[in-house]
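Student: I have not seen this structure before. Could we go through it in questions and answers?

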Amino acid sequence: MTGSYNLSHLKHLESESIHILREVAAEFRNPVLLYSVGKDSSVLVRLARKAFHPGAMPFPLMHVDTGYKFPEMYAFRDSFCREIGARLIVERNETWIGKGCHPLVEGVEACCGHLKTGALLDAIRKHGFDAAIGGARREEEKSRAKERVFSVRDAHGQWDPKNQRPELWDLYNPRIREGESVRAFPLSNWTELDIWQYIRAEGIPIVPIYFAQERLVLRRNGVLIPQMPGAAAEGAEMCLCRFRSLGCMPCTGAVESAAATLDEIIAEVAGARKSERENRIIDLTSDSSMEQKKKEGYF
Amino acid sequence: MDVEKSLLRIVTTGSVDDGKSTLMGRLLFETKSIFEDQFEAIRKTSAKRGQQDVDLSLLLDGLAAEREQAITIDVAYRYFETPTRKFIIADCPGHEQYTRNMVTGASTADCAIVLIDARNGVLTQSRRHGFILSLLQVPHVLVVVNKMDQAGFDPAVYRGIVKAYEAYARRLELRDLAFMPVSALQGDNVAARSDRMPWYEGPTLLQYLETLHVNPEQNLIDFRFPVQGVIRPGQDFRGFSGRIASGAIRPGEEILVLPSGRRSTVKAIETFDGDLPEAFAPQSVVLTLADEIDVSRGCMLVRPRNLPLVGNHLDAVLCWMDDAPLDPGTQYLLKHTTQTVKALVSKLVYRFDVNTLHRESAARLELNDLARVELQTTLPLFFDPYKLNRATGSFILIDPVSNRTVAAGMIRGQCAPPPGPKEAPPAQAHSPNTFARQANLPREAREARNGHGAAVLWFTGLSGAGKTTLGRALERALHQRGCQTTLLDGDSLRQGLCRDLGFSREDRTENIRRCGEVARLFFDSGHIVICTFISPIAKDRDSVRSLIAEGRFFEVHVDCPIEVCITRDPNGLYGNALTGKIRDFTGISADYEPPPAPEVLARTDRDPPERIVADLVRALERAALIPPGTPAP
């Protein structure tokens, strides 16, 4: 026997995630991978390709599109999926998009409810998916810290945090009733820093707006709201900034940063004094807003 | 930044109010794993509640109900890292009603932290937790005596607790037990050495966690590879995916497939990043084999000279985790590695009183109970005792109706075979007052008188494939050689013993179960039993196999393309099936599951019956069940 039989923490996490992805593929009839175009999705897709190599991923990617994503995200999504030969499903809540649903009009919670949660649940029903693989991490948010790897949702997509199945060893219980579905979270044990280190180690492509650049923003309550050139609000200014996580344009703030390379981002994240979702308006509305949204079916 | 960090999984347990959340909050705070915005949020909440210090426990109680009741309900996972190591903490609630969560957290832990309140000493809960950690074989256990500030940093208090817990732990199987005095609230001995406890000379909590030997039990000897799936992108590639449960493997090494027993060698270890010269636990890989042999999900690849135990009668410890108690009549689903089988808890041997460690007889098993039990599974499992191998020695039970995970199980080993010539019957023991008796004359005595061994030849295949023709010819050949034979034919049994059964899946299963039991009676009487049944369901055939002694069951796949069977159609059945006059007809309106690894493959479309019969006779000769001789024509 030669060499060391110790795995680095990234290789441990990779192996665990691949095992979970293969369990999902083996135990469910019709799984789907929820692809949100962000860095976690990029890592998730890489892991899924690894899990079934040299075969193809045995499930499609699905992007639940609110219509409010950054133009760079749409461009990246389409070229990325074409390049890796993935089957991409795009689902939108056209009814509410048509009504012009907007966080500043309907309120952040109602807007998310229609365009994200509602669209996701409709899509799961429409395609008959029995498992949806998501890139959520337990470290992200305190209610997510209590999430299982295989998380059962009832026929209305709702999460019941007080009634979760115990989950032991690496034995995941895939059994559900008709109409129920499972959200599977292969990245449960990854942190933001792990994600960035893995992206660097593996050379995984990500949306360019994670890197710092001069951008037109409006400062509001310490959050930098990106502005569309030509439609900028009064008081908008140019600022060197980047996005730490990606969501919808009206609700995703940038952070001041000069980190223009992966090494710089990793150094910044490792020394970060604020949590990753600090710029996500959706989590800031109340003390348990994420838990509430998850109970309603948000993933 | 150094990416090559190691990973340590920790479980934390303690009674209510031992200050566990505060300790975890302190660890996160000291390792700068708490963010300003999170800290600000809990500072506000603490102030709102009129607390002077920032209540670090608020960081961990993620659910609204937990914050309202100021208790921890569910396991919460936390992450922090130091320059050399990443830590995953499963933070488990301490109250008794949530013990199942502790078992959950402990199942994957390398290290456990048991919190004891210095003022209260060793409570029932601390004992219970130690016992559970011992059952789950968590490699390292650290007892943290907390709230030393409120005990005046008195060494006598600390030493008293150490002594009491050590006395208790002597009766457990903890492999590595350490103690440490801290004050989580004020940070003493968490990250920085306390100058208020100079009498303590050991490491701080963070030092201890950072220097703990990871993977002390990494098992590199016993290669176990539960197959998760088959990767088959095209005709020229067939690989088996899985996560190595234990051991290591290299290309060129010989493997054996369970349950078929087929052997091959590893051709390559494939990954997205290229082939590997060697793979070891817990890597996820794809293995390709040198030979085209049947392998599917639920199979296990092992080394031919290092086999796990194989059996369907398990001796195990169960932790019951559901509100509904154990129902001895329910066939639960048992998930073990990548295999899910049905299982009946056939015997409740005893229940543990976790406070006294006494064993007590019990009629029921309820939420949070721990008990030693016996289980019968419908198909054999390939396992190791949990103590030797956590990955292949653990299982969960799932309720088939509620779908809930109702129990966690740790296998101790095979059950001792009950008195009698053979292992006990599987599944439903619905005749409560019957007893397995020692056979009057052992089979071996009958075999010695007959001059040949007993065996069961099980012919399976489509209607019209030639089972009956072959079975009858084989019986005549064996009879000529002086063998005791019995021929069991599907149609004959369906006209008598099984005339109450139809052709639904359930009825087919029951039909085969009865036929299997009859075959076993003749087998135990020393006969060579020839069975000709369509028997389309693989699991049904496997359960018959499990009734018969190892090496004595010959599955003969009578294989013939259905088009040929239709043209033969000896009884005009296909004609009626094709026009829908007969329903549930195998091959037409019901599935046939071909055996993945039959002992004999008989191709009746290709080979004449005489030749197949001669092959079968030779197979019995090779197995030394009948004496060698000139094969009958």
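Tutor: Two strands pair if DSSP finds at least two bridges between them. Keep in mind that this is a predicted model.

Student: In which sense do strand β2 and strand β3 of chain A pair?

Tutor: Strand β2 covers residues 61-64 of chain A, and strand β3 covers residues 88-91. They are joined over 4 bridges, and Met62(A) stands opposite Ile89(A) in β3(A). The sense of the pairing is parallel.

Student: What handedness has the β-α-β unit that β2(A) and β3(A) make with a helix?

Tutor: The helix is α3 of chain A, residues 71-84. Together, β2(A), α3 and β3(A) make a β-α-β unit that is right-handed.

Student: Which residue stands opposite Val223(A) in β8(A)?

Tutor: Strand β7 of chain A, residues 213-220, pairs with β8(A) in the antiparallel sense over 4 bridges. Opposite Val223(A) stands Arg220(A).

Student: Is Ile225(A) buried or exposed?

Tutor: Ile225(A) has its place in strand β8 of chain A. A residue is buried if 20 or more other C-beta atoms lie within 10 Å of its own. Ile225(A) has 21 of them within 10 Å, so Ile225(A) is buried.

Student: How far apart in space are Ile225(A) and Gly253(A)?

Tutor: Leaving out residues up to four places away in sequence, Ile225(A) touches Val217(A), Leu218(A), Arg220(A) and Gly253(A). In sequence, Ile225(A) and Gly253(A) are 28 residues apart. In space, C-alpha to C-alpha, they are 4.7 Å apart.

Student: Which helix supplies the largest share of the side of chain A that touches chain B?

Tutor: In all, 54 residues of chain A are in contact with 59 residues of chain B. On the chain A side, α1 (9-27), α2 (39-52), α7 (192-202) and α8 (262-270) each supply at least two residues. The largest share is 10 residues, and it comes from α1(A).

Student: How many residues on that side of chain A are nonpolar, polar and charged?

Tutor: The side of chain A that touches chain B can be sorted by class.

Student: What percentage of the residues of chain B count as buried?

Tutor: Chain B has 15 helices and 27 strands, and its C-alpha trace spans about 95 × 60 × 50 Å along its principal axes. Among its contacts between residues at least 6 apart in sequence, 71% join residues at least 24 apart. Of its 633 residues, the share that counts as buried is 46%.

Student: What is the average twist in the sheet β7-β15-β11-β12-β14-β9-β8 of chain B?

Tutor: This open sheet has 7 strands with antiparallel pairing. Its edges are β7 (224-226) and β8 (229-234) of chain B, each with a single partner strand, so one side of each has no neighbour in the sheet. From one strand to the next, the twist averages 40°.

Methods
Residues are numbered from 1 along each chain as its sequence is written. Chains are lettered from A and ligands numbered from 1 in the order in which they are written. This is a predicted model: local features need pLDDT of at least 70, side-chain atom pairs count only at pLDDT 80 or more; totals for chains, interfaces and linings use all residues. Two residues are in contact if their C-beta atoms, placed from the backbone, lie within 7 Å. Ala, Val, Leu, Ile, Met, Phe, Trp, Tyr, Cys and Pro count as nonpolar, Asp, Glu, Lys and Arg as charged, and the others, Gly among them, as polar. A residue is buried if 20 or more other C-beta atoms lie within 10 Å of its own, exposed if 12 or fewer, and partly exposed in between; C-beta atoms are placed from the backbone. Axes are lines fitted to C-alpha atoms, for helices over the stretch in contact, and angles run from 0 to 180 degrees between N-to-C directions. A crossover is right-handed if, with the strands pointing away from the viewer, the path from the first strand over the helix to the second runs clockwise.
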